[in-house]
Amino acid sequence: MPNHDNSPIFPDSYVGDNSSEYDNSIWMERNQKKSTLVCLQYLYDEKLNALGKDDILNEKNYLIVDLGCGTGFSSEIIVENGHRVIGIEILKDMISKAKFKKDFLKRGRELELILADINHLPIRLASIDHMISVSAYNFITYGKKLPGDISKTTNNTASYLKEILKPNGRVVIEFYPKDEKELNSFISSFKDNGFDGFMVKKDFNQKSGQTFLLLKKQRKL
Ligand SMILES: C[S@@+](CC[C@H](N)C(=O)[O-])C[C@H]1O[C@@H](n2cnc3c(N)ncnc32)[C@H](O)[C@@H]1O
């Protein structure tokens, strides 16, 4: 069931019949896959290459974590593009559908699916090449009302993401911040915890709506 502005409500929009409706929606599949392809392009972005430590990504077979993988639309596209993927999803109703579909994927063996919380990832330090998150990252503060709790969560998570990335690891997040305050709190959590990066929007003055964060782990001095 969406909010009055049509944005999804977590977790209601993704449990029970709503999870089936999500998975069966051709519109949703098309949108998630389209946004994921944009994220994959941004992973290799030239401006990101030039930021901080100048480095160029040119490989096509990275180990990529898909944060909040839902029923697997994004993971499927990342695997199809030649990468290995670890999909992280907090809801059983969603990940069970991704697990079912995995067996039918051409490169399904390259996809591992883990029921876990983005805020508490069961992943070894310095083991992941890059991360992508499509329409999921804004949910990490779900249930938190106090500004102090929200910033603690966003900071802890950004800091841990940095730890599990290999040197030169990149993160591309597509998400829908509800307002400027929320957007700024996500941006500062990355800037304050060892990432360089920038934001891409269709219209730079737009404060909510579809937003991409292109991030790169800072090199150690
Ligand atoms: C729009 S949906 C999935 C989008 C996904 N890109 C896809 O292709 O289906 C967002 C997902 O994020 C998941 N999610 C929300 N908070 C999470 C968290 N803290 N840890 C892991 N997954 C989370 C939700 O359960 C939901 O399945």
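The model is predicted: local features need pLDDT of at least 70 and side-chain atom pairs count only at pLDDT 80 or more, whereas totals for chains, interfaces and linings use all residues. Residue numbers start from 1 along each chain as its sequence is written.

View B. S19, Y22 and D23 are the buried residues of α1 (20 or more other C-beta atoms within 10 Å of the residue's own; exposed means 12 or fewer, partly exposed in between; C-beta atoms are placed from the backbone). Seen down the helix axis, the buried residues fall within an arc of 95°, so they line one face of α1; the arc is that of the directions from the helix axis to the C-beta atoms. An α-helix has 3.6 residues a turn, so residues three or four places apart point the same way. The exposed residues D17, S20, E21 and N24 sit on the face turned away from the buried side of α1. Contacts (C-beta atoms, placed from the backbone, within 7 Å) link the buried residues of α1 to α2 (26–43) and α5 (92–102).

**View C. The seven-stranded sheet.** The sheet is open, with mixed pairing and the order β3-β2-β1-β4-β5-β7-β6; strands pair if DSSP finds at least two bridges between them. β3 (111–115) and β6 (195–200) are the edge strands, each pairing on one side only. β1 (residues 63–67) and β2 run parallel and are joined by five bridges. L67 stands opposite I88 in β2.

**View D. Helix α6 on the sheet.** Helix α6 (residues 147–164) lies across β4 (128–134), β5 (165–175), β6 and β7 (211–217), running at about 135° to β5. Axes are lines fitted to C-alpha atoms, for helices over the stretch in contact, and angles run from 0 to 180 degrees between N-to-C directions.

**View E. Surroundings of I128.** I128 lies in strand β4 and counts as buried, with 21 C-beta neighbours inside 10 Å. Among the residues that I128 touches, not counting residues up to four places away in sequence, are L63, V65, I164 and G169.

Notes:
Helix = DSSP H or I, 4+ residues; strand = E, 2+ residues; numbered from the N terminus. Contact = placed C-beta atoms within 7 Å.
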